[in-house]
Structure formats: structure tokens, C-alpha cells
Amino acid sequence: MGLQLARFGPWQTAVGVIYVFFALVHTGQSSSLHTGDECDWVGSGLREDASREVQPIYLRCAHGSVEWNYPRGALQVFLRHGTSGREFRGCLRAREHFNGAQIYVEGHRKLHLLYSKTDGKHPELLRCFTSYHGQVALYVEAEPVNDTLQKLVASFSYNLQPVSTEALFDDLYECRPCTEEEMLRFYCTSVFVIQGTVSGLRNENALLRTELLIKVTKVFRNSEGSVVLNTREVTAETGKKNYTILYRPLKCGTKAGSGEFIFMGRMMLGNPVLHCAPRLAEWHKVRKKAILEGTNQCQLD
């Protein structure tokens, strides 16, 4: 099977089964409900009663962002993947100048710390979670401030990926090889599909991911330039053109295989992440079979 590459993005260990609850241990309740534009929300805590308020935010997108200026009180951010009610795994990344709050994920009568600037973890590490009944509630709590007019901004981006119930509770599910059906589906739906060889591999322990240096021999799809070719960092290391970098979870224990592969994947909070990578010979067999049986979902180049 060659490289056993992930079906989904670089999820870290899930925080546990999420049970959304409304009776919080913090004082105060919101006087009204607030929703973003289904994906993003921007707001301010500069209101007279904000320090005693828990403000609910409802977002219904696969990805988006939250920007909270002058954090006061708390936000309760409810995330769902559209309106389907599907289960999902999600991750967030705090923006570079995140300040003034901490992020928790709500569990059964308990808050689990997800992000704090002082938690000692790498600032670019993705903080991940799993849904419960198709929803996750993040509790963003403002920190006490001495200067009420100091401009602090607590902002982060999030990304949600639908998964089956089986995958939701199997931490290594994403590390298994793709099935033939998945290869065909990902070929047709992935943001990028490229052919190439693995020229180098590096484990980034602090970020819980493996970085693969790929020499690209053919590009089948590269939506909106998601896979960056010939970047300064890559060419400085290799001295050659047509290289790119892809990622997968560190927990999968990726090994560099020889020969050519078809790499299929998506963007995850700015990083190109692998769904799966069958060997080129294996892909040719699957492609030929699908064309003969008429099971292809799109044109297979």
C-alpha cells in the first residue's frame, strides 16, 4: 500500500466527548442571542454590562474566525458543521497577537482548557476537539484587566471536518490507508491532487505533525493555489524547483516510501494536509477499474 497516509487533517488528541451545557459556573447571562454571518464573528466587550455577561455566538460553517476586541466577561461559541447535524472533528489556531482571554471546550459539567498563552505549548499548535450530537461549545473567558481601555484582541480561526461515528472515537482512524472508494472520492473532491515523490521527511514534535517534502512531477488540481510550489524556503533547502511541503499527524508514524504517489488533500488552517496517498501503480489500477465499471464520480485524468 506504500505510504499509509491520513484521510483527514492533522488532528491532535481529542479533548474527550463534548456535552454542551448551558448552566455555567460563571455568573451572569446574556440578555440576547448573537449570531455571526454563519462563519465569522467580530465583536467588542466595551459595554457597561459586558464583564458580567456570557454572550452566545452561533456559527454554522466548516471554517471561519472569531475576533473579540476588548474582551470582557465571556463568549459561548457554538460550532456546527452546516445544518446537517453531522459529527465532526475540529481544530482552532489562535492568531499571532491573541491576548486577553483563555479558550475552553465545554464538557459534561466541566470546562477543559483548550488554549492559553501561558500553557507552555507551541503558539502555532492546533488545538483540537470532537463534536457531541453534531455540536461543540467553546467557552472564551476574558482575563481580568487593569487598564480598561487597553486594546486587547482575542482572535482565532477554526476548521471543522465531518467524520463518521466510527472515526469520531478512533484516534488512529485517520492514519489508515484509504479504501478504493475513498481514493476515487478524494481525487474528485480534494483541494489539491498532485503526483510526486517523497524527497524528505521531518517530524515536528512541538506541533504534533510530520512535514513531507514532495518533489512534484504533475499537478492534477491545485484549487486557488493551495499547494505552493517553488517557495523560497523549499528551494533554499533543495536548490531545485517543483517542490512543495505537505503535512500529516505525527501520531501516524509516517515513513518515507520510495517511488511515485498521488497525494490528495485539503487546506487546514493554512496548511496543506493529506487525505491519502496511494502509490501511482495502485492508483492506475483503481482508476482503470472505476472507468470500466462506470463508478467514477468525475473525469479521471
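I looked up C178 to begin with: at 7% relative accessibility, C178 counts as buried (buried is under 20% relative accessible area, exposed over 50%, partly exposed in between, with a 1.4 Å probe and protein chains only). C276 is buried as well, at 2%.

I note that this is a predicted model, where local features need pLDDT of at least 70, side-chain atom pairs count only at pLDDT 80 or more, and totals for chains, interfaces and linings use all residues. Residues are numbered from 1 along each chain as its sequence is written, and side-chain values use heavy atoms, leaving out hydrogens and water.

Next I checked the disulfides (pairs of cysteine sulfur atoms within 2.5 Å). I found four. In sequence order, the bonded cysteines pair 1-2, 3-4, 5-7, 6-8.

I then took C91 and C128. Their sulfur atoms are 1.9 Å apart. The S-S torsion is about 100°, so this disulfide is right-handed. C91 lies in strand β6 and C128 in strand β9, so the bond ties together parts 37 residues apart in sequence. (Helices are DSSP runs of H or I, at least four residues, and strands runs of E, at least two, numbered from the N terminus.) C91 is buried at 0%, and C128 is buried at 5%.

I looked at the strands too. β6 and β9 pair in the antiparallel sense over four bridges (pairing needs at least two DSSP bridges). C128 is also the bridge partner of C91. The open sheet runs β2-β4-β11-β6-β9, with mixed pairing. Its edge strands are β2 and β9.

Last, I checked C188 and C298, with sulfurs 2.1 Å apart. The torsion is about -85°, so this disulfide is left-handed.
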